[in-house]
Amino acid sequence: GRPIPLPRHTGQIPESTWTLGFREMTEPWKGAVGCLGVAVFFAMTIGIISWQALEQPPEEWVLRGRDAGMLWERGRGALLLRALPAGRPVLAIAVGSVPAAEPPPPRDRCWHDGGQFCYSWEEDAELRLSLEPPAAPGTECYGVRWTPLRPDVTLKDCFSMANVSWYGGPSLRAQRWPLNGAESPAQPLVSSDLSTNPNGFGPVLERYFLGSTGVTVTVAPDVSLLLSLESQRQFCLETPAGRAEPLQYQLCVSADTLDLQTPTMRNFPPCRSPIWRYHGPEGSAAKIRRGLRSLVRRLKRHRLQEGVVALGERGTAVLAAADLVPQERRKRQAPALVEPLELSITLSPYASITSPLFLHSLRGGEAAGYWLSRQPRPGGSSIPLLTTWKGQLCARLNVTSEAALSWYLARAQRLRQALGATYMAFEGVEGNSFLEQDVPAPAELESDGYTEVLAAALATLGNGTIVSAGTRSSHLPLFVQMSPLRSDWSHAGLKGLIPSVLHYSLLGYSFFIPDAVGGSLAGATPGDPELFVRWLQIVTFLPVMAFGTPPWLCCDTWVLNLTRQCIQRHRDLVVPLLLKYSEEWQSLGYPIFRPAWWLSPTDPVAFTIEDEFLIGDEVLVAPITEKGQTWRDIYLPGEGHLWLDTNTAQVFDGGTTLRNYSASLAEVPVFVK
């Protein structure tokens, strides 16, 4: 609104006497009066300024809802979200793109509409806050939209970690729970392959962050975005430089702290356990067949003949190339590869440029559009976008072409039938090839569009489909293969396993296949039996147990016997629990694997526990993740609940911490509510 003009005072000083008296004054007196006038003027100005400063409060409401409201804090130029009626602080957002310490005025550009607040920094950007329809009952949502007013403005909002624990967002090579302990420079919020880009964001990623004060931050899928993580300080969302794109996200605050909004899934994909990864010779189809038979014989000899034998991408390709047997003979022969176990084969959307597959498609015709290509100039011809995959120069399947997808899926089905495989694992689903090469992407493949489109197509292959990434695909009946971990005790190894379990589950990916027991990337302690045992104890309680190094190769008979016991415990205790809670997941969207704060949503101690997890509400697993340790402190969540120790049959109160709980190498602390 315009300032109201003040009424002018008309009473005038009679000019004649005043000027006459002044004329008759001596020079020194005139100087003194002049100085006095200047002093009075300064005093009045300072008085007015300090009066204005006192008048203007340090915080000012800019938009109020029923359960919460947004305020502007002048001192540091921050947007605050507070819960009503008591004004409990929920979130502080430091605004980095405009001279934010210059306060928005009390009245703004769209104040006539009570559900919005707009303010414009003339040279830089425009801010629009709006009350949005609630995402779920009991929540109140606010839309935040920044629009740049000139092309070189980078919009950046930073979310404080002071007194807030944050969860969600991207997976990381050394996963942390909460995210507060993670560190990352500003980079595109897009999934990537951590084995080739260890400092990037991992393959399971959602534009969704959950704060322990009951707030969620959800970013629109079509907004290009960079994310940075500053350990224990803040995480920041910013727009790419020079693109002049808006920054847009939604804040929802819940009356209950920590309210989840995970999408519900259609059906539960069954997967047999354990998985035995084949690491034998792969030189020829005959060698692979012999190697698979030898692995099955050994599993039988050690009384482990159940589950799935998983063949890697190279082995699958060798068998696929050799498998030109006529259809009739093939059907009889197929299942014999790994009977009585089941077979899993591995494919990817990449084709080496020297492969017959790729060369055949270059001969023109329809197949020319099967690979991602650079957008040609008008009149130019499209050239495949080449990228590296497992050390080879490759083309990548064009998922925007219906013909390419149909051809790829039909080929996968044929291969599954020919080899008698029950499961198909797809690697290389993550990542944006255009972004990696700094080439403009087609609209539908911006950010993580590739992963989303490919996952939806692969879900049509039915149960038994495993993918290496997840983004906006948690509603699909797919298993997600977890990122490989290092063979050591660090957060990139064993210590990162439970934070990853909690991260995947929180984002809606409750059916995942953890990395092989002991880790599959070379770490500081390969072949360490203690590491193998502590790892085994955790995966016993996860959806699927997977082995790379078989126990008879890494360890002694005691570990081999323990492996048998763990496989049996997984089958008898864990699988029925998973089935029970998968029903709750489908109907209510609650994760199957839950953090300690699930039962203690107001206890700050629970927010930072990263080495325990719940299965549903009734089983608490608190394994040992420190080398050489045989004791640990265990937090029992849920005040008012009672927990039964399955090792000693003692009963303990929830909402308490057991100090120095003893657990030998043979034991894993497990409590039942």
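Let me begin with a pair of residues, Asp 645 and Phe 671, which stand opposite each other, the latter in strand 34; helices (H or I, at least four residues) and strands (E, at least two) are DSSP runs, numbered from the N terminus. This is a predicted model, in which local features need pLDDT of at least 70 and side-chain atom pairs count only at pLDDT 80 or more, while totals for chains, interfaces and linings use all residues. Residues are numbered from 1 along each chain as its sequence is written, and side-chain values use heavy atoms, with hydrogens and water left out.

Strand 31 (residues 642-645) and strand 34 (residues 670-672) run antiparallel and are joined by two bridges, where pairing requires that DSSP finds at least two bridges between the strands. They belong to an open, antiparallel sheet of six strands in the order 27-28-29-34-31-32, whose edge strands, strand 27 (593-594) and strand 32, each pair on one side only. Val 651 lies in strand 32 (residues 651-653).

Among the buried residues are Tyr 450, Leu 454 and Leu 458, and the cover includes helix 7 (402-419) and strand 21 (392-396).

As for confidence, the mean pLDDT (the predictor's confidence in each residue, from 0 to 100) of the chain is 86, and 84% of its residues reach 70 or more. Over residues 1-25, however, pLDDT stays under 50, and the model has seven contacts (heavy atoms within 4.5 Å) beyond four places in sequence for them.

Notes:
Buried < 20%, exposed > 50% of the residue type's maximum accessible area, 1.4 Å probe, protein only.
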